[in-house]
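Have the sequence and the 3D view open as you read.

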Number of protein chains: 2
Amino acid sequence: MNPIDFYFDFSSPYGYLASTRIDALAERHGRAVTWRPFLLGAAFKETGQRPLVEQPLRGPYFLRDFARSAGFVGVPFRLPQPFPFASLAACRAFYWLADRDPAVAHGLAQALYRAAFAEGRPIAAVDDVVGVAAPLGIAGDALRQAVEDPAVKARLRHETEQAIARGVFGSPFIIVDGEPFWGSDRLDQVERWLTTGGW
Amino acid sequence: MNPIDFYFDFSSPYGYLASTRIDALAERHGRAVTWRPFLLGAAFKETGQRPLVEQPLRGPYFLRDFARSAGFVGVPFRLPQPFPFASLAACRAFYWLADRDPAVAHGLAQALYRAAFAEGRPIAAVDDVVGVAAPLGIAGDALRQAVEDPAVKARLRHETEQAIARGVFGSPFIIVDGEPFWGSDRLDQVERWLTTGGW
């Protein structure tokens, strides 16, 4: 069966919430998950959206909803400052590793999300990413070089373009056998879709 | 206990989905619901948002998600054409009735939503609203006069301003004892909030 595509931006609280549940959900249905970080800002250029917390009226609501929605599903939540933050270095580090050892890339993604939104630590700077990566045995010097590598940069650009070409405009965004689901609050629909194949 | 405030725009598919469940949900917790239609377009002027289906990338997704989300909760769904549509006449008719007989106003709101999104019938024009209202025993001539009544117009303007002043920016938008919930996909959080008083 096809893997589930899990698109997310490392600066997305709802992406973090989904990340804590997507693997177990897929496993219940015998599916693998392909984690696909991308740059949500590139999609915003297409849709005209802006980061949630910068929007009038909507900003204060989302700050409240992030924490409430985390509590609702029982995961720790703490918003890093500043927020939102650049996820470029985290994304590039991910794809550099994904081509060498997907399991390590997956572990780094989970560790980055946990650092950012469970512990409220910054993960925007390369040094931040190196700090999160170190306990996983990922060499700092190699990571620093990788995020400046033109091939790694091109890889992320390509992944982001492909995401937008598939209609991905938010985070998290999950595609199951061609069916698109936007938002951590669509995981219950994803689960039923995997059970029934549609309705 | 305080009634639950249920804000919605008559042109909102997700408002329709919530409208089919909010009363029973509240009743399970011994609460009443105050139905509060408003003009979502006025909130969009504050937030910079536009109707969902007019947005690049997002539009095609939402057309799919409307129907899928309706199927997920087991309610009929059919999108009227044109969509989105003006909900001014429907809103004014509602508030004209709300001041005379809240139960009739509530019945009209349900009938309008059912006509629009279960049957796919237009409800934008005054004649459409009159047609939906007739089986409920609401006189067409009086309704036609009411939607042009300056006092009714002012009432809707006031309700919409008050909604925005309370932070309402989308549809549906539910406020429980000061706690705001946006979206039909937050009804599960509303239910738990009513059970536990927060978390």
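How many salt bridges are there between chain A and chain B? The count is 8, where a salt bridge is a side-chain nitrogen of Lys or Arg within 4 Å of a carboxyl oxygen of Asp or Glu.

## About the model

This is a predicted model, in which local features need pLDDT of at least 70 and side-chain atom pairs count only at pLDDT 80 or more, while totals for chains, interfaces and linings use all residues; side-chain values use heavy atoms, with hydrogens and water left out. Residues are numbered from 1 along each chain as its sequence is written, and chains are lettered from A and ligands numbered from 1 in the order in which they are written.

Chain A has an average pLDDT of 97, and 100% of the residues score at least 70; pLDDT is the predictor's confidence in each residue, from 0 to 100. For the model, ipTM is 0.95 and pTM is 0.96.

## Where the chains meet

Chain A gives 33 residues to the contact and chain B gives 33 residues, with contact meaning heavy atoms within 4.5 Å. Between them, chain A and chain B bury about 3,200 Å², and 54% of that is on carbon and sulfur atoms. Buried area here is the accessible area (1.4 Å probe) that two parts lose on being put together, summed over both. On the chain A side, the residues that lose the most area to chain B are A:Leu57, A:Arg68 and A:Phe72, together 23% of what that side buries.

One of the salt bridges joins the side chains of A:Arg186 and B:Asp65, at 2.7 Å from N to O.

Which elements of chain A each supply at least two residues to the side that touches chain B? They are helix H3 (40–47), helix H4 (58–73), strand S4 (179–182) and helix H10 (187–196). Helices (H or I, at least four residues) and strands (E, at least two) are DSSP runs, numbered from the N terminus. H4(A) gives the most to this side, with 9 residues.

## How the copies are related

## Within the chains

Over all chains, the whole structure holds 32 salt bridges. Among them, A:Glu191 and A:Arg28 meet through their side chains at 2.7 Å, N to O. A:Glu191 lies in helix H10 of chain A and A:Arg28 in helix H2 (residues 22–28) of chain A, so this pair ties together parts that are 163 residues apart in sequence.

The backbone has some features to look at too. The peptide bond from B:Phe83 to B:Pro84 is cis, with omega near -5°, and B:Pro84 sits in the loop between helix H4 (58–73) and helix H5 (88–98) of chain B.
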